[in-house]
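Look at the sequence and the structure first.

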Amino acid sequence: MLVQLLVTGLALGSMYGLVALGYHITWATSRTMNFSQGHAVMVGAVVAWAVVVALGGPLAVGLLVTLLALAAFGIVVERVAVRPFFRTASPAWLLSTIACGIIAENVAQLLFGKDARAFPSALTQRPILVGGAGFYPQELLVPVVGLTLMVLVQVFYHRTPYGRQLKAVAWNAEAAGLMGIHIERAVMTAYALSAVLAGVAGVLLAPLLNVAPTMGTIIGLKAFAVAIIGGLGSAPGIVVAGLGYGVLEAFVAGYVSTGAREIVGFALVIAVLVARPWGLLGQPPARRV
């Protein structure tokens with residue numbers, strides 16, 4: 001049981017970290033966040049289900065269509081819910097991005113239906129048995145893909161010229177604009193990338209959790225909790241917090257109860273906010289004197 005809970009926890013934790021990394025990307029670029037990030041998980045799962053299961057298309061085609069759809073979703077959120085408020089530094093983007101997520105959820109309910117649908121996968125047919133524990137190969141694939149994408153995002157942000165430009169926008173948008181950086185395009189790119197990461201998480205989780213219009217709500221909340229715990233400005237902190245949060249959640253659910261899982265997880269968020277408001281690996285804000 002120990003091995004089973006550990007694998008399940010790492011699978012969930014890597015997905016929480018991947019979705020939370022989307023919060024970090026938009027924050028690191030524009031000092032705004034996409035609170036429809038959890039709904040992007042749902043959109044990814046629904047689009048992949050529609051292409052692969054409903055239409056019978058190949059998985060590769062379904063994944064490509066899903067990535068394009070999620071990039072478009074992120075761009076729409078940025079154009080409609082963030083751009084009007086970014087230049088004026090208005091916090092109205094918080095409610096407007098939530099509204100976009102609610103709209104997406106209701107559109108999915110109209111087109112997809114309210115009932116959960118199975119997403120068949122060859123990696124969830126036969127479990128791997130280790131001692132008395134069993135887990136599916138899909139549960140091993142999830143953390144491998146999640147951690148790989150996390151590393152690639154960090155390489156993009158810290159090792160490529162355009163990635164550095166995205167970071168420069170957050171530090172000083174006006175100065176970045178004077179240096180020739182297209183501010184609005186940079187913010188739009190960040191939102192598209194964050195939505196794509198969430199969509200990948202949705203596709204990976206769909207065979208394990210089933211597909212439903214409401215599947216992304218709690219995932220988005222937990223991913224935000226992970227971002228807060230790890231430090232919104234620290235990608236390594238978010239990765240560590242995501243894995244730790246997933247493992248903690250799995251062990252609490254396995255040895256205590258599923259109800260206690262949510263209590264312990266969100267109580268941890270409160271404790272971190274009290275002790276280190278900037279997160280475990282985040283940097284405290286500089287004081288002006």
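**Aromatic rings and a glutamate**

In this predicted model, Tyr23, Phe35, Trp93 and Phe224 make up one aromatic cluster.

Q: How many aromatic pairs does a search of the whole structure find?
A: Two rings pair if their centres lie within 6.5 Å. A search of the whole structure gives a count of 8 aromatic pairs.

Q: Is the pair of Phe35 and Phe224 stacked or edge-to-face?
A: The ring centres of Phe35 and Phe224 are 5.2 Å apart, with 65 degrees between the planes. Planes over 60 degrees apart count as edge-to-face. The pair of Phe35 and Phe224 is therefore edge-to-face.

Q: How many residues apart are Phe35 and Phe224?
A: Phe35 is in the loop between α1 (2-30) and α2 (37-54), while Phe224 is in helix α9 (residues 215-230). The pair links distant parts of the chain, and its partners are 189 residues apart.

Q: Which helix holds both Phe251 and Tyr255?
A: Phe251 and Tyr255 form a stacked pair, 5.9 Å centre to centre with 25 degrees between the planes. They are 4 residues apart, about one turn of the helix, and both lie in helix α10.

Q: Is Glu78 buried or exposed?
A: Glu78 belongs to helix α3 (residues 59-86). Leaving out residues up to four places away in sequence, Glu78 touches Arg83, Pro84, Glu184, Val187, Met188 and Tyr191. Its relative accessible area is 1%, and buried means under 20%. Glu78 is therefore buried.

Notes: Residues numbered from 1 in each chain as written. Predicted model: local features only at pLDDT ≥ 70, side-chain atom pairs only at ≥ 80, totals over all residues. Heavy atoms only, no water. Phe/Tyr/Trp six-rings, centres within 6.5 Å; stacked < 30°, edge-to-face > 60°. Helix = DSSP H or I, 4+ residues; strand = E, 2+ residues; numbered from the N terminus. Buried < 20%, exposed > 50% of the residue type's maximum accessible area, 1.4 Å probe, protein only. Contact = heavy atoms within 4.5 Å.
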